[in-house]
Amino acid sequence: MRQFIFVFTFLLFCHIGGYTQVKVREAIGRWEVTKDISLASAEEKALFEAKRDALRQAGVEDEIAYSFLAIQGVDTSFYKRVYNYIGRGEIRGIVQVSQKTVRKIYEEATDRLFVEVRIRAKVKKIQQRDPGFKIELEGLHNTYRQGEVLSFSCRVFKDCYLKIFVFDPSDGFRVYPNRYEDDHGFRSGDVFHFPRECDVEYVLTKNGRNNWESNVMLIVATREKIPYTGKADYESVLEWLFEIPLRDRVEVWHNFVIE
């Protein structure tokens with residue numbers, strides 16, 4: 001379990017080099033030490049929460065897919081791993097820590113140990129998303145049967161290029177583009193159907209032996225043609241995604257189950 005502490009502090013705003021910089025005098029993060037979370041890991045997570053606290057105090061919103069936390073079932077840990085990874089990378093601000101103090105807090109009444117991190121920091125607000133750059137999906141379902149064919153349509157509102165990935169608890173793969181469907185551009189306002197080629201099928205299969213398997217689909221639209229040549233695991237894909245400026249991309253996440 002994690003706990004957040006937020007304190008009101010005096011914020012100093014200044015305009016430097018075309019961006020707003022905010023000085024946060026104190027931001028606090030706390031994380032519990034458990035049998036699965038070591039002291040070092042708890043300190044790392046507490047520092048991350050302190051940075052998020054600094055971002056919130058500076059008026060910078062997180063860009064995090066909270067829907068992952070709503071997933072329940074045998075694969076819940078998979079969604080939490082994806083959520084945590086997204087939380088580490090997709091934030092619309094840069095935090096420069098000028099001072100950090102760490103202390104351990106033991107709660108005798110509950111027999112719990114926490115690591116608390118307090119920081120002073122400067123927050124640099126980065127660019128915002130383009131509200132007109134979006135995509136709409138139709139035809140996706142929350143549940144599919146083993147061997148069922150995946151098909152859906154996508155409408156884009158800016159000229160763009162698309163990448164489509166699917167992740168399960170142990171693996172991932174790139175759905176589009178593929179060896180049969182080229183990575184070509186899409187025109188604003190048009191509706192496109194996937195698969196793009198009539199002789200191509202996206203067949204859904206489970207990797208495990210469970211009665212059902214949780215999956216996550218990620219659809220990414222970019223203004224420019226940005227190739228992806230890395231592994232299809234979610235860490236590698238998200239590292240690639242976060243390198244693309246916010247105004248130059250938009251992404252949609254879809255959770256589904258294969259029975």
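User: Before we start, what should I keep in mind about the model?

Analyst: The model is predicted, so local features need pLDDT of at least 70 and side-chain atom pairs count only at pLDDT 80 or more, while totals for chains, interfaces and linings use all residues. Residues are numbered from 1 along each chain as its sequence is written, and side-chain values use heavy atoms, with hydrogens and water left out.

User: Which strands pair with strand 10, and in what sense?

Analyst: Helices (H or I, at least four residues) and strands (E, at least two) are DSSP runs, numbered from the N terminus. Two strands pair if DSSP finds at least two bridges between them. Here, strand 10 (residues 161-167) pairs with strand 14 (residues 213-222) in the antiparallel sense, over seven bridges. Phenylalanine 167 has valine 216 as its bridge partner in strand 14. Strand 10 also pairs with strand 11 (residues 172-176), again antiparallel, over four bridges. There, valine 166 stands opposite phenylalanine 173, and the two strands form a hairpin with four residues between them.

User: Is strand 10 mostly covered or uncovered?

Analyst: Burial is read from relative accessible area: buried is under 20%, exposed is over 50%, and partly exposed is in between (1.4 Å probe, protein chains only). Strand 10 is mostly covered, with six of its seven residues buried.

User: What does the side chain of aspartate 183 make a polar contact with?

Analyst: A polar contact is a pair of N or O atoms within 3.5 Å; within protein, one must be able to donate a hydrogen and the other to accept it, and residues adjacent in sequence count only if both atoms are side-chain atoms. The partner is the side chain of lysine 163, at 3.1 Å. Aspartate 183 lies in the loop between strand 11 and strand 12 (191-194). Why does aspartate 183 count as buried? Because its relative accessibility is 16%.

User: How many disulfides does a search of the whole structure find?

Analyst: A disulfide is a covalent bond between the sulfur atoms of two cysteines. The cut-off used is a pair of cysteine sulfur atoms within 2.5 Å. The search finds zero. Take cysteine 160: its closest cysteine sulfur, in cysteine 154, is 7.0 Å away, so the pair is too far apart for a bond.

User: Are cysteine 160 and cysteine 198 buried or exposed?

Analyst: Cysteine 160 is buried, at 1% relative accessibility, whereas cysteine 198 is exposed, at 82%.
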